[in-house]
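The following paragraphs give an account of selected side-chain contacts.

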Amino acid sequence: MPEVVNGGAAGAAGASGAGASGASSDVNNNASSEQLGALSYVFLNSKGGMDGVDMQSVQQVVAAMSAGSRHEANERRKATEHAERTRQLLQRKSTWERDKVAVAKSRREVDAAVTRLEEQRRLSSVFCHVDQDQYYAACEEQERPELSGKAFAVGGIGMISTANYVARKYGVRSAMPGFIALKLCPHLIFVRPDFSKYTAKAQEVRGVLRTFDANLQVRGLDEASLDVTAYVKGRRDRDVLEAVAEKIRHDVAAATGGLTCSVGIAPTRELAKIASDRNKPNGQCIVEDFTREAVLSFIRPLETRKITGIGKVTDASLKALGITTVEDLYNARYLLHGILTPTASSFLLRTSLGIGAEDVSADRGGAEDDQQEHNRKSCSVERTFEPIGDRHTLSRKLIDIAFTLSRHLHDLGLRGHQLTLKIKLSNFEIRSRQVTLPHATDSSDDLIPAALKLLKAELPLSARLLGLKVSQWENENDTQVASRDILARFLQKGDEEDEEGGLRKVEEIVPSTTPTPAAAVAAKMAPPTTVRSEPWACIACTLENEASAKRCEACGALKGSSLPPTSTLALEKKRRAPTLLDGFASRLKKRSG
DNA sequence: ATACATACC
DNA sequence: GACTGGTATGTAT
């Protein structure tokens, strides 16, 4: 749904304390890394339940805890890139401003677009956004009443998923590393996440919400967007809508044994979501009344960061252009149209008018509108670990991931044509490599060799994360396929015993006593005493190896068994990433040329 | 078609 | 000391 404005973090200045003062577009940051000073982390954005928090001192703790780390170094690297892109953005701004022809053209086009958008504005629908409060934490507290009133966080020392409201008073937030949270709140209790619990509760909640809109749209485990137009029979009186919001909150709490949620009601899904955040927790907000004027006065003063789709980076770019609020966004519409991509500028224009994506039916190709199930487009598994440079160890990790992914695909009844390897280097740089497979698959027999090949091409390196993603489903247009495949697999169940342990470690998959069928066959064909020049398939990772190889080239397992890894020096290749703003420049070139 | 960046929960 | 995991999408080449 959302777009990307892209551009620089630059905002550097703003960091923590007092916002960008006069902020008038003179942002002359030569962003040397020392000048960047305080880095901007997502979890430093004050959010619900953090009203009285001294963000200044939270910021200091975060900075102190991060100082000197590889992660911080990476953040600085990114900040420098952002600063450069912002510089280019401002450059293009001034070029555009001096080009009177371009400015005039922009005016014509945007004015026409605004007219068109206003024609499409619909104020007759009633949307309701439901957002569970501190969801994971609420689920946990329900089962462990002794946590009540105490500061706790769902997650671990590495990363926090959800902080309860008590912990938030200390500045602890989701997406914050646990060790930093612990510094902010020394008595913080960590609770291990239990997703099956949250999923089960989410189903209960959805059951309730479906009585208000059978076609609700879910967003993660703790959010849903409802079209309650039919439920309210088209009425939009304030008291009717307040009553609906109250009923939803009441019904959800009743059905879940007390889980609370916050509700927002508005003429678009986007506005309803923003409204739901206003009186959190356990509150509700109905946008004044369903008129153009009410909508505009609701959004105009909002900070751009409140808009779903405008994240940290985009927000910083907008700030560099002197844009802080939605009103600023509207006032800058000609400029934005002139210097951003059409997708980005039209998203921002629509947003600044408070017009919903659903009103602009052209986007979605109206016909296949309300598909019952959300169509998943990819399935992925990724794991973080202590930095590893040894290629055999990396291969084993990757094989484990492939088995897990295979099992997930299998459970979903999906087979894909595309395999993507994701690598996070030990310095936090992210790399991805993709192949198109000869046929759609969900099998580890296909995934493992392909994944290992992708990895091998990148070696040597030292990584802290590996991930695999499968996408591009077979028979995308055939909805029958999935269920047919599930049936097929059910019928072949006997063949799948080997696969069943997809989660087991490689070492467990290769018991040294019992040779796999492949190894047994290999043994018959080539007795150990004879050195036969036959290629062999590695038992551990299935890769075909040269006859002369004594060990698997990919995973290092000894021919006929698995083997402990040997170490390899970690070298990280240096690559130049093209930036989005480079692209803007070339697009402009095309235009004028 | 592939690689990278941004965003959301 | 320590900074996630899963999915979608936009942009460039």
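In this predicted model, ring pairs join Tyr135, Tyr136, Phe195 and Tyr198 into a cluster. Tyr135 counts as buried because its relative accessibility is 3%. Tyr136, at 16% relative accessibility, also counts as buried.

Across the whole structure, a search finds 7 aromatic pairs. One of them is formed by Tyr41 and Phe43, whose ring centres lie 5.2 Å apart with planes at 10°, so the pair is stacked. Tyr41 and Phe43 are both buried.

Aromatic rings also take part in contacts with arginine. Arg168 is placed over the face of Tyr165, at 4.3 Å from the ring centre.

The cysteines remain to be considered. A disulfide is a covalent bond between the sulfur atoms of two cysteines. How many disulfides does the count give? The count comes to 0 disulfides. For Cys128, the closest cysteine sulfur belongs to Cys261 and lies 8.5 Å away, which is too far for a bond, because a disulfide requires a pair of cysteine sulfur atoms within 2.5 Å. Cys128 has 0% relative accessibility and therefore counts as buried. Cys185 likewise counts as buried, because its relative accessibility is 0%.

Methods. Residues are numbered from 1 along each chain as its sequence is written. Chains are lettered from A and ligands numbered from 1 in the order in which they are written. This is a predicted model: local features need pLDDT of at least 70, side-chain atom pairs count only at pLDDT 80 or more; totals for chains, interfaces and linings use all residues. Side-chain values use heavy atoms; hydrogens and water are left out. Buried means under 20% relative accessible area, exposed over 50%, partly exposed in between (1.4 Å probe, protein chains only). Rings of Phe, Tyr and Trp (its six-membered ring) pair if their centres lie within 6.5 Å; planes under 30 degrees apart count as stacked, over 60 as edge-to-face and the rest as tilted. A charge sits over a ring if NZ of Lys or CZ of Arg is within 6 Å of the ring centre and within 35 degrees of the ring normal.
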